[in-house]
Amino acid sequence: MTAKNDGRSGDRKHSADNLRHNIERHVITILGNDFTFPRKDTFFSGLAYCVRDRMVNQWLKALRSYYDNKSKSVYYLSLEFLPGRFLMNYVTNLQMRDDCENAMEGLDFNLEDLEEEEYDAGLGNGGLGRLASCFMDSMATLKIPGYGYGIRYDYGIFYQTIVDGYQVEQSDNWVRYGCPWEFSRRGYLYKVMFYGRSEPFTAPGGGTGYRWVDTESVMALANDIFIPGYANENVINMRLWSAVSSRDFDLQDFNRGDYMGAMESKVFSENISKVLYPSDEVVQGRELRLKQQYFFVAATFQDIMRRFKKFHAGFGEFHNRVAVHLNDTHPAISIPELMRLLLDDEGLVWEEAWEVCTATFAYTNHTVLPEALETWPVDLLSRMLPRHMEIIFEINRRFLKYVESRFPGDESLLSRVSIIQESPEKRVRMANLAIVGSHSVNGVAELHSRILRDELFGDFNAIFPGRFINITNGITQRRWLLQANQNLSGLLASTIGDGWITDLYELKKLVPLAGDASFIESWDGVKYANKLKLVKYIERKTGMKISPDTLFDMQVKRIHEYKRQLLNLLHVVTLYNRMKDSPGGSFVPRTVVFAGKAAPAYFIAKLIIKLINSVAVTVNNDPSIRGLLKVVFLPNYCVSQAEKVIPAADLSEQISTAGLEASGTSNMKFALNGALTIGTLDGANIEIMEEVGRSNIFIFGLKADEIGAMRKSRYDPRKYYLKDDELKRAIDMIRSGYFSPGNQDLFEPIIRSLLDQGDRFFVLADYRGYLEAHDEAARTYSDRNEWTRRSILNTANMGKFSSDRAIKEYSQKVWGIQL
């Protein structure tokens, strides 16, 4: 036994020494730095290049196997990816942690310090992009041949600072010091065309053909970033496109003294990949958004065609080799783009091209909010993409003819399902286009899928029976438990083994331990250690000192009225009032943490951030409540911050208006890490409740059908305001300027939205039920053993919510890939 241990120890030392040597080599030969006195920044880059080296051969091997086996490949198109930091994700999945830590012996910094050297790759806005990144991890781990396609934004989602309580947006230059993870592929430079006109001509066979002429163009440059599977030597990649001008520099303009004009073409062309979601408040911003969507779609399909045509002359096998998945409607312009390529470049007749098209595409819907269902003006599309607009009109003509044959005389139905909205302005309904052009359409939670199937897209469900399915979202446990919560991962490994890393249902083995006193004590110790880490982080980021001995109540997500941060805040104000009214009362000490970004043009959401911070100033500085309540707003919420917040949470706020949250994934991340959920019967909350048990979650509020009924019966929020003294008091305090001394009317727009403009998201209707659920949560928290028992059971029953399960369902139900 001793000899074996010595051998393994020797192997580990050799491996660590080898890694240290390679880091030194990269620092010297790639960075041009002296390694005598290693610095954090250079050591990080040297390690990054070593990690990338390990992935390259595995990636090439995977690619060769796809070609050799003639595998069907998945092309996952998403305008957003939110991978966060790469280093620790790679180190975790490649099982390099021990080597890295050993290679750093004797240095003044450790692996966690190096992690802080990396900027988050903020290439997404929230759940949509993070879901895409979780899916890529699962595809790699399950060895599904796949690629993620998107845009390599120079500036990702904005960097949020808080100035005098207000959100201030700054550019997020995540590649200011370069990106050691990416390979720029100068060999894959594709021309993407815009504007011009569609020109008919007589084809050799006598029919009419079309060519797109007099266009403007920009070049798309491929940038590959690797995604390793967990402990399986399988690596896939994201291919992100950056815009490169086809005319870099006009020497004639420069020599005439027009220095700005000499660079104008380059600047305008490369704006396409500058910023994630340029502001749509101005015409130029809206036009740039559409350009972004077509830019990455056009480049992607040139890449798909290149790969497919290596081995195939015709397109009869296209759908058996290619599955294209549209992550929301942003890539829906793919449908007319593939039709254009098949019709105009490849010479297929319409019927053949359409059969290939619908067999290739699948579409995931992520919203039921009408304003979030994307539409584009016909005028804009006709000007920017004239040939595509012709194709969309023809798709619509044929589709409506088919509907008319199925449902004769129903003009209202034709108007509702038409891809073209006729009034008040002619617009292209991208969701309708995606549904018509895909063989599968899915929602992302049972409730969401039911609403799509029976309500929002009920007409399409009647036209295309069986096309609508549900695949509930999931998260990767490698990132959100193994990497983010090393304390809990260690406890799990020592207790039930590590099978859960690739089979999350293995957590069921925890169920018998939920009543074990010794295990409860260990579980509590893990949570407390995580809270201590978050306490230090909050002090470093905000200067605030909070106590780890309080209930950590967390709502961290995009700031939006339907997510109801305002409801949470009304509870905070009410709790504050109760504490002031009962100075000697018995209250559970509580720290309420908010984090999230509001869209730059979303006035009310930004005002809610200001209100949160104004309430925090008052509450945190009131000595009369004896520090029993603290309110924290963490600036610049991002993936790396979530990895610190989520493991420390006691209570997870999932309180969206029922029927409006498609799924949510933060609810899954918190529950996986042992937080108890307080939430409505919305999105995946329902399925979490079904898995963990009704007694292990705090459910409140109106159901989706009750919300619908109240909307029809003209819901009156003032009735709730007038009959509930605590609610009225809280709202009146905000309205009176209690939290905004010197500016009484500051929060009047929020009050008007609640009382005078219909309280669109039913905050007041759910207020009392929400308080009662919080009261129950506080009573439960007072019984530490009972709270911890429920915490263990939450983690134990989260097997369903792995992205591995979701990807297996997509593979079998949608993509036609057998695992």
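Start with strands β12, β14 and β13. They form an open three-stranded sheet in the order β12-β14-β13, with antiparallel pairing. Strands here are DSSP E runs of at least two residues, helices are H or I runs of at least four, and both are numbered from the N terminus. Two strands count as paired if DSSP finds at least two bridges between them. β12 (375-377) and β13 (420-421) are the edges, each with a single partner strand, so one side of each has no neighbour in the sheet.

This is a predicted model: local features need pLDDT of at least 70, side-chain atom pairs count only at pLDDT 80 or more, and totals for chains, interfaces and linings use all residues. Residues are numbered from 1 along each chain as its sequence is written, and side-chain values use heavy atoms, with hydrogens and water left out.

**Stop 1: β13 and β14**

Select 420-421 and 427-429. β13 and β14 (residues 427-429) pair in the antiparallel sense over two bridges. Ile420 stands opposite Val428 in β14. Now select Pro424, in the loop between β13 and β14. The peptide bond from Ser423 to Pro424 is cis, with omega near 0°.

**Stop 2: helix α12**

Select 350-360, which is helix α12. Its buried residues are Trp350, Ala353, Val356, Cys357, Thr358 and Thr360. Buried means under 20% relative accessible area, exposed means over 50%, and partly exposed lies in between (1.4 Å probe, protein chains only). What lies over these residues? The cover on the buried residues of α12 includes α10 (318-321), β10 (322-327), α11 (334-345), β11 (361-364), α14 (386-406) and α16 (430-436). Contact here means heavy atoms within 4.5 Å.

**Stop 3: the β6-β7 hairpin**

Strand β6 (residues 197-202) and strand β7 (residues 208-213) run antiparallel and are joined by six bridges. Phe201 stands opposite Gly209 in β7. Five residues lie between the strands of this hairpin, and Gly206 takes a positive phi near 100°.

Step back to Tyr195, in the loop between β5 (182-194) and β6. Phi of Tyr195 is near 60°, a positive value in a residue other than glycine. Is Tyr195 buried or exposed? Tyr195 is buried, at a relative accessible area of 13%.

**Stop 4: the six-stranded sheet**

Select β17 to β22. Six strands make an open sheet in the order β19-β18-β17-β20-β21-β22, with parallel pairing. The edge strands are β19 and β22 (698-699), and each pairs on one side only.

Zoom in on β17 (residues 551-556). Six of its six residues are buried, so β17 is largely enclosed by the rest of the structure. In a regular strand the side chains alternate between the two faces of the sheet. Colour the two faces of β17 separately. Leu551, Asp553 and Gln555 are on one side, with Phe552, Met554 and Val556 on the other, and all are buried.

β17 and β18 run parallel, joined by six bridges. Which residue in β18 is the bridge partner of Phe552? The partner is Thr591.

Then show β20 (residues 651-654) with β21 (residues 676-679). These strands pair in the parallel sense over four bridges. Ser652 stands opposite Thr677 in β21.

Finish this stop at Arg626, in the loop between α23 (603-620) and β19 (629-634). Phi of Arg626 is near 60°, a positive value in a residue other than glycine. At 49% relative accessibility, Arg626 counts as partly exposed.

**Stop 5: the whole chain**

Zoom out. The chain has 33 helices and 22 strands. Its radius of gyration is 28 Å, close to the 28 Å that the globule rule gives for 819 residues, so the chain is as compact as a globular protein of that length. The radius is taken over C-alpha atoms, and the rule is 2.2 Å times the number of residues to the power 0.38. Along the principal axes, the C-alpha atoms fill a box of roughly 90 × 80 × 65 Å.

Colour by burial. Buried residues make up 60% of the 819 residues. Of the contacts with a separation of 6 or more, 75% are between residues 24 or more positions apart.

Show the surface. The chain exposes about 32,300 Å², and carbon and sulfur atoms supply 49% of it. Accessible areas come from the Shrake-Rupley method with a 1.4 Å probe; for residues, only the protein chains shown count as cover.
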